[in-house]
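Please keep the sequence and the three-dimensional view at hand while reading.

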Amino acid sequence: MTVVCGHDEAISQWVAERIPHVGEAGFGPCAALAVVGRDKVLAGVVYHDYQPDHGTIQLSMAADSPMWAKRSNIKALLSYPFEQLGVFKVWTATPIDNTRAIVVNEHIGLKREATLAHHFGHKRHAVICRMLRPEYTRLYGDS
């Protein structure tokens, strides 16, 4: 498996197609990385809503296979915002009924921070998860 960069548009479109509340609207300005195995995208992460003055960035991810979630891949994906951009906080907004995605967030080290009522429409709440730089350093270390 390899983490691939430099194909922001294609990777972000691949991720958007797999997240119903994003779809054709896409992410707007973003950067994206993918985990590729045997010439097939296994997972993609899109970094968007970058707020450099506040040291935050949102990430959205999708996967076709759970095989991507190896420690080395997770570290490589998270090193972009924490080490290259120098953010203090990465965060996700996930529909509350997408328990599988919430479990993945927690598996990679994000923590539940809040629930936003009706964030994805009437009666469709969002779970906000986050990882702070000290948590990243503790879990994955700085390079």
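Contact, as the word is used here, means that heavy atoms lie within 4.5 Å. The model is a predicted one, and everything below should be read with that in mind.

## Helix α1 and its cover

Helix α1, which spans residues 8-17, has as its buried residues I11, S12, W14, V15 and A16. What covers these buried residues of α1 includes the strands β1 (2-4), β2, β3 and β4.

Leaving aside its neighbours within four places in sequence, S60 is in contact with V15, I19, F27, G44, V45, V46 and H48. The side chains of S60 and H48 are joined by a polar contact of 2.7 Å. Because its relative accessible area is 11%, under the 20% limit, S60 counts as buried.

## The largest cavity

A search of the whole structure finds 1 cavity of 30 Å³ or more, and the largest cavity holds about 50 Å³ of space. Its lining is made up of V45, Y47, L59, M61, W68, I74, L77, L78 and I108, and by class these residues divide into 9 nonpolar, no polar and no charged.

Which elements each supply at least two residues of the lining of the largest cavity? They are β3, β4 and α2 (71-85), and among the contributors α2 gives the most, with 3 residues.

## The largest pocket

The largest pocket has a volume of about 760 Å³. Its lining consists of 35 residues, of which I19, M61, A62, N98 and A101 lie nearest the centre of the pocket. Two or more lining residues are given by each of β3, β4, β5 (89-95) and α3 (99-108), and the largest share, 6 residues, comes from β4.

By class, the lining of the largest pocket has 19 nonpolar, 13 polar and 3 charged residues. M61 is named both in the lining of the largest cavity and among the residues nearest the centre of the largest pocket.

## Aromatic pairs

The whole structure contains 3 aromatic pairs according to the search. In one of them, the rings of Y47 and Y80 have their centres 5.0 Å apart and their planes at 55°, so the pair is tilted. This pair links distant parts of the chain, with Y47 in strand β3 and Y80 in helix α2, 33 residues apart. Y47 counts as buried at 2% relative accessibility, and Y80 is also buried, with a relative accessible area of 19%.

The rings of Y136 and Y140 likewise form a tilted pair, with their centres 6.0 Å apart and their planes at 35°. Y136 and Y140 are separated by about one helical turn because they lie 4 residues apart in helix α4 (residues 133-140). Both Y136 and Y140 are buried, and together with F82 they form one aromatic cluster.

## Loop residues with positive phi

R38 has a positive phi of about 50° and is found in the loop between β2 (30-37) and β3 (40-51). Is this residue, R38, buried or exposed? With a relative accessible area of 86%, R38 is exposed.

H118 has a positive phi of about 55° and lies in the loop between β6 (111-116) and β7 (126-132). With a relative accessible area of 41%, H118 is partly exposed.

Definitions and conventions: Residues numbered from 1 in each chain as written. Predicted model: local features only at pLDDT ≥ 70, side-chain atom pairs only at ≥ 80, totals over all residues. Heavy atoms only, no water. Buried < 20%, exposed > 50% of the residue type's maximum accessible area, 1.4 Å probe, protein only. Polar contact = N/O pair within 3.5 Å; in protein donor to acceptor, adjacent residues only side chain to side chain. 1 Å grid on protein atoms, 1.4 Å probe; cavity = no way out; pocket = protein on both sides within 12 Å on 5 of 7 lines; lining within 4 Å. Points joined across faces, edges and corners; volume = space filled by probe spheres on them. Nonpolar A, V, L, I, M, F, W, Y, C, P; charged D, E, K, R; others polar. Phe/Tyr/Trp six-rings, centres within 6.5 Å; stacked < 30°, edge-to-face > 60°.
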